[in-house]
Amino acid sequence: MRVPNSVVLPVGTHVDCCQQQEVAEKTHDIMARITAMLVERKSNLAHFIDNLEGSEEPKFYVDQWERLKEMESCTLSILNLVAVNCTDHRDIKKLEATILKHVKNEELFPEVVRVLPPVYRQVEAAIVDIAQSEEMADHGMMDLQYLLSKLSQREHLAGLGRELLQDILRYLHRIGLVVWYEEIKHLESTVFLQPTFLITMFRLLVRHHLVQQLESIS
């Protein structure tokens, strides 16, 4: 909701636990709830903006007003929900095909036709090589400056600067090859070359009944 021109593909899992009629009903219900949520969000934002504009001292709330207007301008495209049975390889392939079909849609993703400079591909290949090397720790975390020095050791990337690397990392973050939280002060100098490590960590920490499980430990 905070990302400009974002596209969301809802995915419903555990289809194998439902009857065919249930799948259709649940799909319709989920899409209806999402639509209602977006309408409510738009209404709430408009209400907050009106309140700030109508306040006695609107100049004190300029920063808040600008943030709300920015959020109001963020368009959000919701695609039709895809229902899958995660235990069926055919359904996983169906989901993969659906994602590929959408990301190749120039109306949804106008940047899909953008031609990247060769150095982007070279840095991407070098990062993949570093991430798969034996010296790379399992967590895949690397200091940004150290990553720059490792890349600069490669002959064809000797002139790579920090600013260009940051631009490339933003691109690689968007396509999911790496994770770089540049907007978080404590993490801005850390690049996660193995995003799957974060998924594993979050799966261990953020889960249902976690509190009860922790309390059960003597």
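Q: In this predicted model, at roughly what angle do the axes of α4 and α5 cross?
A: Two packed helices are described by the angle between their axes and the distance between the axes. For α4 and α5, the axes come within 11 Å. Their crossing angle is roughly 105 degrees.

Q: Are α4 and α5 roughly parallel or roughly perpendicular to each other?
A: Angles of 65 to 115 degrees count as roughly perpendicular. The axes of α4 and α5 cross at roughly 105 degrees. The two helices, α4 and α5, are therefore roughly perpendicular.

Q: Which residues in α5 meet α4?
A: Let's start on the α4 side, where V123, A126, I127 and I130 take part. By class, the contact of α4 with α5 has 6 nonpolar, no polar and 1 charged residues. On the α5 side, the residues are L147, K150 and L151.

Q: How is α4 placed relative to α6, roughly parallel or roughly perpendicular?
A: Helix α4 covers residues 118–131, and its axis comes within 10 Å of the axis of α6. These axes cross at roughly 75 degrees. Since 65 to 115 degrees counts as roughly perpendicular, this makes α4 and α6 roughly perpendicular.

Q: How many charged residues are in the contact of α4 with α6?
A: From α4, the contact uses V119, Y120, V123, E124 and I127. From α6, it uses L164, L165, D167, I168, L169, Y171 and L172. Sorted by class, the residues of the contact of α4 with α6 are 10 nonpolar and no polar, and the charged ones number 2.

Q: Which residues of α6 make the contact with α5?
A: Helix α5 spans residues 144–152 and helix α6 spans residues 162–174, with axes that come within 11 Å and cross at roughly 105 degrees. That makes α5 roughly perpendicular to α6. L144, Q145, L147, L148 and L151 of α5 make the contact with R162, L165, Q166 and L169 of α6.

Q: Which element gives the most to the lining of the second largest pocket?
A: Now let's turn to a pocket: the second largest pocket holds about 190 Å³ of space. The elements that give two or more residues to its lining are α1 (20–53) and α2 (62–73). With 4 residues, the element that gives the most is α1.

Q: How many nonpolar residues are in the lining of the second largest pocket?
A: This pocket is lined by 10 residues, and L38, R41, K42, E72 and C74 lie nearest its centre. By class, the lining has 2 polar and 3 charged residues, while the nonpolar ones number 5.

Q: What distance separates the centres of domain 1 and domain 2?
A: The domain assignment gives domain 1 as 7–104 and domain 2 as 118–201. Taken over C-alpha atoms, the centres of domain 1 and domain 2 are separated by 30 Å.

Terms used:
Residues are numbered from 1 along each chain as its sequence is written. This is a predicted model: local features need pLDDT of at least 70, side-chain atom pairs count only at pLDDT 80 or more; totals for chains, interfaces and linings use all residues. Side-chain values use heavy atoms; hydrogens and water are left out. Domain bounds come from an automatic or database domain assignment. On a 1 Å grid over the protein atoms alone, a cavity is a set of points where a 1.4 Å probe fits but cannot get out, and a pocket is an open set with protein on both sides within 12 Å along at least five of seven lines; lining residues have an atom within 4 Å of a point. Grid points are joined across faces, edges and corners, and a volume is the space filled by probe spheres set on the points. Ala, Val, Leu, Ile, Met, Phe, Trp, Tyr, Cys and Pro count as nonpolar, Asp, Glu, Lys and Arg as charged, and the others, Gly among them, as polar. Axes are lines fitted to C-alpha atoms, for helices over the stretch in contact, and angles run from 0 to 180 degrees between N-to-C directions. Angles under 35 degrees count as roughly parallel, over 145 as roughly antiparallel, 65 to 115 as roughly perpendicular and the rest as oblique. Contact means heavy atoms within 4.5 Å.
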